[in-house]
Amino acid sequence: MKAWQISSFGVDSLEFVERPTPSPGSGEVLVRVRAISFNYRDLLMIKGLYNPKLQLPRIPCSDGAGEVAAVGEGVVAWKPGDRVAGIFMQNWLDGALTPAKARGALGGDIDGMLAEYVVLHETGLVSLPEHLSFQEAATLPCAALTAWNALAAGNLRPGANVLIQGTGGVSIFALQFARLQGARVLGISSSYEKLDRAYTLGLDAGLNYREDPEWDRWALDQTGGQGVDLVVEVGGAGTLSRSLRALRIGGVVAQVGVLSGPADPVSLPIASILHKQARIQGIYVGSRKDFEEMNKAISLAALRPVGENFPWSHARQALTRMEEATHFGKLVLTVA
Ligand SMILES: NC(=O)c1ccc[n+]([C@@H]2O[C@H](COP(=O)([O-])OP(=O)(O)OC[C@H]3O[C@@H](n4cnc5c(N)ncnc54)[C@H](OP(=O)(O)O)[C@@H]3O)[C@@H](O)[C@H]2O)c1
């Protein structure tokens with residue numbers, strides 16, 4: 001089979017290789033991968049910034065969707081032809097995360113989805129929402145589930161105010177899920193064109209943070225001085241202080257991302273955290289049970305993920321789009 005692998009770090013070093021097609025052992029399932037989507041984590045992984053000690057070679061990517069090609073002995077949950085996606089942490093099926101469940105992340109601890117075929121344990125898969133194509137469903141395992149759990153952390157009531165940052169994979173899913181919950185969504189972006197696209201998905205108010213970096217003041221103005229109920233924080237160290245200033249007293253910051261670079265502990269905004277009685281909830285994707293619940297909601301709402309498709313020969317070009325942050329929503333490759 002063909003696969004893309006990290007043999008040495010760097011987007012340009014990503015190698016298109018021939019590998020033996022795996023076969024499923026007892027309790028395992030062979031999946032023919034039909035589409036994958038990139039996450040910012042994949043870019044960091046490929047560049048050696050996520051885990052400089054990553055064991056190489058490694059097939060990257062947590063997120064892929066496809067169909068069951070064959071099942072190993074004893075598998076009862078799946079049959080050939082079933083449409084499936086892999087779960088991000090192969091051992092986190094249900095309940096709270098533990099160190100043991102956190103091991104086995106696709107495209108990190110173990111080989112990922114950027115291959116024509118993968119073998120996964122039968123518990124490491126979920127069914128796809130019927131109305132979605134493989135390309136659409138390939139966007140769900142990491143970005144969508146993270147956004148889903150970020151929204152859940154907010155424990156929102158209809159009419160609540162949610163702030164999203166940027167228009168990447170997690171943030172656009174957060175916008176879509178927040179609208180499903182009847183929330184009002186404020187969004188900031190580097191680009192007016194991207195904000196215009198976000199309005200078509202239900203964004204209520206937007207601000208270009210390049211033109212106006214004081215988006216915390218803007219968010220306060222937008223909420224009558226009260227602040228927002230939930231910030232889906234994808235920027236990290238460079239945005240957390242403003243997020244806390246934009247928050248209402250007793251609000252929640254769902255801490256998801258690191259887009260603005262590594263954390264600087266000296267700048268931790270202690271005063272804002274205590275004055276706002278803020279709750280900062282770290283989010284780390286989610287379990288298989290969360291994924292199944294999210295898929296039910298996606299099916300009921302007939303929600304459609306948003307992204308841009310590339311042939312899989314264009315893996316490096318798609319990653320460059322992510323690096324340049326010129327994309328909107330998800331970047332998807334069709335495996336052929
Ligand atoms: N904790 C978890 O479980 C988890 C799961 C998924 C992702 N993440 C993290 O969440 C972050 C987003 O991931 P993603 O896959 O959605 O990324 P992505 O698709 O690459 O989105 C990046 C977008 O965010 C915006 N952006 C970039 N820098 C920004 C900044 N300093 N402030 C505000 N917006 C900024 C840009 O949009 P505009 O041009 O519109 O501004 C950019 O296109 C990453 O750090 C990723 O590692 C964490």
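**Exercise 1. How many bridges join strand β12 to β13, and where do these strands sit in their sheet?**

Start with the pair. Four bridges join β12 (residues 247–255) to β13, and the two strands run parallel. This is a predicted model.

Now widen the view. The open sheet has six strands in the order β10-β9-β8-β11-β12-β13, with parallel pairing. β10 (205–208) and β13 (279–282) stand at the edges, each with a single partner strand, so one side of each has no neighbour in the sheet. On average, neighbouring strands of this sheet are turned by 20 degrees against each other, direction ignored.

**Exercise 2. Which residues come nearest the ligand, and why does the ligand lie between the two domains?**

List the residues. The ligand has 30 residues around it, and G166, G168, S189, G257 and A325 come nearest. Next, the elements. α1 (40–47), α4 (140–154) and α5 (169–180) each give two or more residues to the shell. The largest share, three residues, comes from α4.

Sort by class. The shell has 13 nonpolar, 15 polar and two charged residues.

Finish with the domains. Domain 1 (2–139 + 305–334) and domain 2 (144–282) both give residues to the shell around the ligand, so the ligand lies between them.

**Exercise 3. What span should α4 have, and is α4 mostly covered or exposed?**

Take 1.5 Å a residue. The 15 residues of α4 should then span 21 Å. The end C-alpha atoms of α4 are 20 Å apart, which agrees.

Check burial. α4 is mostly covered, with 13 of its 15 residues buried. Just after α4, N155 takes a positive phi of about 45 degrees.

Terms used. Residues numbered from 1 in each chain as written. Predicted model: local features only at pLDDT ≥ 70, side-chain atom pairs only at ≥ 80, totals over all residues. Near = placed C-beta within 6 Å. Nonpolar A, V, L, I, M, F, W, Y, C, P; charged D, E, K, R; others polar. Domains from an automatic or database assignment. Expected span 1.5 Å × (residues − 1). Buried ≥ 20, exposed ≤ 12 C-beta atoms within 10 Å, placed from the backbone. Pairing = 2+ DSSP bridges. Axes fitted to C-alpha atoms, helices over the stretch in contact; angles between N-to-C directions.
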